[in-house]
Amino acid sequence: MKSLSVSKAVTALMLAGLVLLPLYSSLSGNIFIMTLFTRIVILALAAASLNLIMGFGGMMSFGHAAYLGIGGYAVGMLAQEGVGSGFIQFPVALAASAIYALVIGALSLRTRGVYFIMITLAFAQMAYYVASGLARYGGDDGLTVYKRSDFSGLINLSDRTQFYYLCLACLFGVIFLIWRIVNSRFGLVVQGLRSNEQRMQAIGFPAKRYQLVCFVISGTMCGLAGALLANNTDFVSPAVMYWTRSGDLMVMVILGGMGTLFGPIMGAVVFLLLEEFLSQITEYWALIMGPLLLLIVLFGRGGIMGMLGRAGRG
Amino acid sequence: MLLVVEQFLNGLQFGLLLFLLAAGLTLVFGIMDLVNLAHGSLYMMGAYFAATFAAWTGSFLLGALMALGATLVLGIVLEVTALRHLYGRDHLDHVLATFGLILFFNEAVRLIWGPAGLALPLPAWLTVPVPILPGIHYPAYRLAIIAVALLVALLLYLGVMRTRIGMLIRAGASNREMIGALGINIKLLYTLVFGLGAALAGLAGLMQAPILTVQIGMGENILILAFVIIVIGGIGSIRGAFLAAIFVGMIDTLGRAFLPNLLRQVLSGAAASTAAPALSSMLIYLLMAIVLVVRPEGLFPANRR
């Protein structure tokens, strides 16, 4: 029980920190930290969605950044065409991500293991090149979003604090949803499929259908992150979908602890803060970051959550 | 006609180059079951070593030979210090750890050689156009790449199929515990295979260097292509990698060369010229998706277990 309390305490501390951050920012006058943490919260949302299929479902998607781009481009393209209402932009972003996930999931789930990693990567690369070819929407150079999504007075996305809390609410909402999914009958079937697909099929569960639904849910969640990210940066470009971005998301999930509810948030916070911190010390921050990742893989099994659990026991 | 022959040869040359990269990757993947994203970094290091050594010695060939040795050593060092500890781990661990290595290598190169790219100039005797058919000339250097890559492919085939080491490598691929139990030093064997793969990647990098500029991140795009190839060819299969590499090289090159004109006949000029590069870059991924949907284990699945 003690091991549980250490990781629980750290998680609670982190969540409280995220909630109270705007207070600290306004007291200290540090505006930059808000910008940084809005980005962290959005990418934590993306990592949490990836964790649903990777950690709980055992589906190693190496193309999750595609949804960031799809959600972002849905917002950017609609804004460009004069549709500024968030009530249209966000549902379109989610629907587009869901449809993309449905199509590539149906095809990709025919394969398994490394082949699955590679085919999801291939589809994301295709999305990347499609976006590069969209001349009307900036092509390679990307698309500037001149006006953030308009929620007709309900919430103002251009207000730094309001936008931060919107992102945080989305993150907590998604985490809550994942918690409900994981503990539902559906979620238990998906986790069963991760452990032993043959046996689950023998009991009579249509494996692929369950996995596909899970895949689509995860993709839709990440599309939400994409729509938020485009609003945050006021810009969307093919680079959002590049495969190293998918790699970053995977790193966040594994770093925090795969298959744990709050691990991905922890991973995103630590990864992005480390990136920020190291890049302030030295221009060559990746020189430290790279070997650090290697060491975490070699010695820190189960990510930060796993280490906290062990620290509690030891 | 001239253009078709030329592009066909370009496709062959690019395909063979991709084979060198994919062969190392598929060997490491098939035998050690290691997903090595840092393979592209070894390709990059090969190019940087070659550019540096060639400038030092003043000789292209000498520089290339030294670079080949240097990537071999680098590969062995990398295997012994880091990657060896990843065998038997989850594929996801491999992805994460070697992703970290990519970051490291890119940054190290930026630190040592600076952010600007390098050039590797060719000696005069390799820049002359060679007549291959009446009225058709082709650069000597590209022909040399084709010749070297074919030679390496042949040596690799003979080495794996006909020598004792090759036999051990194949045995290691099918059952690593068993050949360990038979008294073979499997650790040494793995290090050897990894070094060989690294040298092949370095060779591909240094041969590509005079055609493109030597720059940071040059290994990443081509690494993904190499992965596409080994997945299409079937992981662990050198024959599959060879055929898939030629196929991918052809499709990529011919697509880039002829797709814009084809599109222009269907679409308006402006739309075609923007859609064509994107579409031709997508072709290979489309091919891979189709192959995987039809044959989830690749075209030539190696008989494992």
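Let us start with Gly226(A), which touches Tyr67(A), Leu68(A), Gly69(A), Ile70(A), Gly71(A), Gly72(A) and Ala93(A), leaving aside residues up to four places away in sequence; two residues are in contact here if their C-beta atoms, placed from the backbone, lie within 7 Å. This is a predicted model, in which local features need pLDDT of at least 70 and side-chain atom pairs count only at pLDDT 80 or more, while totals for chains, interfaces and linings use all residues. Residues are numbered from 1 along each chain as its sequence is written, and chains are lettered from A and ligands numbered from 1 in the order in which they are written.

Gly226(A) is found in helix α9 of chain A, where helices (H or I, at least four residues) and strands (E, at least two) are DSSP runs numbered from the N terminus. With 31 other C-beta atoms within 10 Å, Gly226(A) is buried; a residue is buried if 20 or more other C-beta atoms lie within 10 Å of its own, exposed if 12 or fewer, and partly exposed in between, with C-beta atoms placed from the backbone. Thr111(A) is 115 residues from Gly226(A) in sequence, and their C-alpha atoms are 27 Å apart in space.

In chain A, UniProt (unreviewed entry) places the feature "transmembrane region" at several spans, including residues 210-229 and 286-308; such positions are given in the numbering used here, feature names are shortened, and annotations may be inferred rather than shown by experiment. In the model, residues 210-229 of chain A are 100% helix and 0% strand, with end C-alpha atoms 29 Å apart, and residues 286-308 of chain A are 87% helix and 0% strand, with end C-alpha atoms 25 Å apart.

Most residues other than glycine have a negative phi. Asp234(A), however, has a phi near 55°, a positive value in a residue that is not glycine, and Asp234(A) is partly exposed, with 14 other C-beta atoms within 10 Å.

Asp33(B) sits in the loop between α1 and α2 (39-57) of chain B and is partly exposed, with 19 other C-beta atoms within 10 Å.

Now to the contact between the chains, which takes 34 residues from chain A and 38 residues from chain B. On the chain A side, α5 (114-132), α10 (243-256) and α12 (286-299) each supply at least two residues, and the largest share, 12 residues, comes from α5(A). What classes do the residues on this side of chain A divide into? There are 26 nonpolar, seven polar and one charged, where Ala, Val, Leu, Ile, Met, Phe, Trp, Tyr, Cys and Pro count as nonpolar, Asp, Glu, Lys and Arg as charged, and the others, Gly among them, as polar.

Within chain B, helix α6 (residues 164-174) has Ile169(B), Gly172(B) and Ala173(B) as its buried residues. Seen down the axis of α6(B), these buried residues fall within an arc of 100°, so they line one face of the helix; the arc is that of the directions from the helix axis to the C-beta atoms. The buried residues of α6(B) pack against α1 (2-32), α5 (140-162), α7 (176-181) and α8 (186-208) of chain B.

Taking one of these partners, the axes of α6(B) and α8(B) come within 11 Å and cross at roughly 105°, where axes are lines fitted to C-alpha atoms, for helices over the stretch in contact, and angles run from 0 to 180 degrees between N-to-C directions. The two helices, α6(B) and α8(B), are therefore roughly perpendicular to each other, given that angles under 35 degrees count as roughly parallel, over 145 as roughly antiparallel, 65 to 115 as roughly perpendicular and the rest as oblique. In this contact Leu168(B), Ile169(B) and Gly172(B) of α6(B) meet Ile186(B), Leu189(B) and Val193(B) of α8(B), and by class the contact has five nonpolar, one polar and no charged residues.

I will finish with His94(B) in helix α4 of chain B, which counts as buried with 23 C-beta neighbours inside 10 Å. Beyond residues up to four places away in sequence, His94(B) touches Leu34(B), Val35(B), Leu86(B) and Arg89(B).
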